[in-house]
Amino acid sequence: MATLRELKGRIGSVASSEKITGAMKMISSAKMHKAELALKRLLPFRQQIETILGNLLSADAEFSSPLTEPREVKRIGLVVLGSDDGLCGAYNVNIFKAVLNRLEEYRRTLGENVDVVIYPVGRKLDKAAHKIAGEHLKVASVFGVNSKTEGPGVKRFMELLRNDFTSGNLDRVDVMYMNFQSVSRQRIRAEQLLPIIPQSFSAGNGKALCRPYIFEPNASSIFAAVLPLFLLAMMQEVFVENRASEQAARIMAMQSANDNAKKLLEQLQLEFNKLRQQSITTELLDILGGQVK
């Protein structure tokens, strides 16, 4: 049986853990709200690009771009976003399970010999991806890109993927990440980045205004110039959603840890009180026994 001193030490340790998890929850909450604001700032940019593309596609003109040309898929690039830090529950585990299912789908639909190159973003997924690398599965770790990368870093990463596609190193590029919906709800989402498919233009509800336009220098040139911006907007949104989802998962994990700490603290306090009461009762009996003698 534990002594009063031991129980007191355990109570102090659990109480400290409760304070720490509460503080971490508050920090994660602030970071999540920051990511939510970043998402709201990105939305008008993407919607405007999609509106431009909608107007171009509604015009009576022929469009072509290396970024929209489909080809036989022999080598796929799969960008997977996770976290660099832990303490976010099963966040990375769920993403990795979805990656394994995605790989099985590639083998089933494209053949057993299709080559897949995984671009893991986040230290946790990078470590997990290297464990499953094999003959038809390679891991391309990109220096300087992690789950906290913003602005210029995202742009360089997108340019790397675009160059790998246009040069023929990759025949298709997909991205997998956690779609942020609320604090308690995040869902795995998989999207095709390259080649760009027409369905992507309506993903953000960008609509053509159906007005007569004069395109300078010409519609095809504008189309080719706007497509990279569209890809960049997509990738920026993916990175921000990943950050928001990570912090949301960490909030839930810290809340769960905090609740468990409170329950344990109550149990230890009850056990401490019982043991202290037992000790007091024993001392009183000893005193009474001495007086009787």
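Buried is used here for residues under 20% relative accessible area, exposed for those over 50%, and partly exposed for those in between (1.4 Å probe, protein chains only). The model is predicted, so that local features need pLDDT of at least 70 and side-chain atom pairs count only at pLDDT 80 or more, whereas totals for chains, interfaces and linings use all residues. Residues are numbered from 1 along each chain as its sequence is written, and side-chain values use heavy atoms, with hydrogens and water left out. Helices (H or I, at least four residues) and strands (E, at least two) are DSSP runs, numbered from the N terminus.

- Met26 has its place in helix α1 (residues 4-58), and with a relative accessible area of 63% it is exposed.
- Between Met26 and Gly12, which are 14 residues apart in sequence, the C-alpha to C-alpha separation is 21 Å.
- Ser65 lies in the loop between α1 and β1, and it counts as buried because its relative accessibility is 4%.
- Leaving out residues up to four places away in sequence, Ser65 touches Phe223 and Leu227, where contact means heavy atoms within 4.5 Å.

- In helix α3 (residues 123-131), the buried residues are Leu125, Ala128 and Ala129; they cover an arc of only 100° around the axis, which puts them on the same side of α3, the arc being that of the directions from the helix axis to the C-beta atoms.
- These buried residues of α3 pack against β1 (75-81), α2 (91-110), β2 (115-121) and β3 (137-139), while the face turned away from the buried side carries the exposed residues Lys127 and Lys131.

**Nonpolar cores**

- A nonpolar core is a set of buried Ala, Val, Leu, Ile, Met, Phe, Trp, Tyr and Cys residues joined through side-chain atoms within 4.5 Å.
- The largest such core has 34 residues, and those with the most contacts inside it are Val79, Phe157 and Leu194; its largest share, 12 residues, comes from α5.
- Leu194 touches, among others, Leu67, Met158, Phe165 and Leu231, not counting residues up to four places away in sequence.
- Apart from this core lies another, of 22 residues, among them Leu78, Cys88, Phe96 and Leu137.

**A residue of helix α5**

- Ile280 lies in helix α5 (residues 219-292), and it counts as partly exposed because its relative accessibility is 37%.
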